[in-house]
Amino acid sequence: MKRISLFVLVISTLLLLSSCKVKSLSKEDYVELYYSYHVYQEKETGCIDLRDLNSEYAKGHIKGFVNYNYQNGNVEEFIYYVSSMFNKKTYIFLIDNNGEYVKEASKILKQEGYKHIIIYEKGYKNLIEYAKEYLQIVEGTDDCGC
């Protein structure tokens, strides 16, 4: 009987660890993971800024974040956009203005089978106020991440 209980515990733990995770992080943790995973390339990452391209993203965004104007898009388009660039094992970082779109977008990605989604719910401006000396901010509508 103990072997069965131990087996069930091990299987349950493995399923829990392999399931999709949406991590809503503090400013410090978000920046730390961004550096570890994206800048130092410890993990395969995709960084998506969900703000409006011309009125917000072009005026300043974190280097390495590509833009998807979530407000003006639709679910199918968003899924196509993400899946055309990133596989489902990629660690996806999401940011927006105030956390409204990152929550919704992370749910969509989770439903599509993405395993690792990292969000910051308080928005771009809040994050930049804290981390402007740690993050490279660039202007313009294109970002090759280089």
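This report walks through some side-chain pairings, ring contacts and a helix crossing in a predicted model.

Residues are numbered from 1 along each chain as its sequence is written, and side-chain values use heavy atoms, with hydrogens and water left out. Since the model is predicted, local features need pLDDT of at least 70 and side-chain atom pairs count only at pLDDT 80 or more, while totals for chains, interfaces and linings use all residues.

**Charged pairs**

Let's start with salt bridges, meaning a side-chain nitrogen of Lys or Arg within 4 Å of a carboxyl oxygen of Asp or Glu. The structure has two of them.

| Salt bridge | N to O distance |
|---|---|
| Arg51 and Asp49 | 2.9 Å |
| Glu121 and Lys103 | 3.5 Å |

The Glu121 and Lys103 pair links distant parts of the chain, 18 residues apart. Glu121 is in the loop between strand E6 (116–119) and helix H5 (124–131), and Lys103 is in helix H4 (residues 100–111). Those labels come from DSSP runs numbered from the N terminus, with helices (H or I) of at least four residues and strands (E) of at least two.

Are these residues buried or exposed? Buried means under 20% relative accessible area, exposed means over 50%, and partly exposed is in between (1.4 Å probe, protein chains only). Arg51 and Asp49 are both buried. Glu121 counts as partly exposed because its relative accessibility is 29%, and Lys103 is also partly exposed, at 40%.

**Rings**

Rings of Phe, Tyr and Trp (its six-membered ring) pair up if their centres lie within 6.5 Å; planes under 30 degrees apart are stacked, over 60 edge-to-face, and the rest tilted. That rule gives 14 aromatic pairs. Take Tyr34 and Tyr35: their ring centres are 6.0 Å apart and their planes sit at 90 degrees, so this pair is edge-to-face. Tyr34 is buried, with a relative accessible area of 5%, whereas Tyr35 is partly exposed at 26%. Both belong to one aromatic cluster, which also includes Tyr30, Tyr37 and Phe65.

Then there's Tyr68 with Tyr81, where the centres are 5.1 Å apart and the planes are at 40 degrees, so the pair is tilted. Tyr68 lies in the loop between strand E4 (66–67) and helix H3 (75–85) and Tyr81 lies in H3, so the pair ties together parts 13 residues apart in sequence. Tyr68 counts as buried, at 6% relative accessibility.

Charges can sit over rings too: NZ of Lys or CZ of Arg has to be within 6 Å of the ring centre and within 35 degrees of the ring normal. Arg51 turns up again here, with its charged end over the ring of Tyr124, 3.7 Å from the centre. The charged end of Lys43 sits over the ring of Tyr37, 5.7 Å from its centre.

**Two helices crossing**

How do helix H2 (residues 27–39) and H5 cross? Their axes come within 10 Å and cross at roughly 80 degrees. Axes are lines fitted to C-alpha atoms, for helices over the stretch in contact, and angles run from 0 to 180 degrees between N-to-C directions. H2 is therefore roughly perpendicular to H5, a label for angles of 65 to 115 degrees (under 35 is roughly parallel, over 145 roughly antiparallel, the rest oblique).

Asn69 is in the loop between E4 and H3 and is buried, at 17% relative accessibility. Not counting residues up to four places away in sequence, Asn69 touches Leu50, Arg51, Asp52 and Leu53.

Technical notes. Contact means heavy atoms within 4.5 Å.
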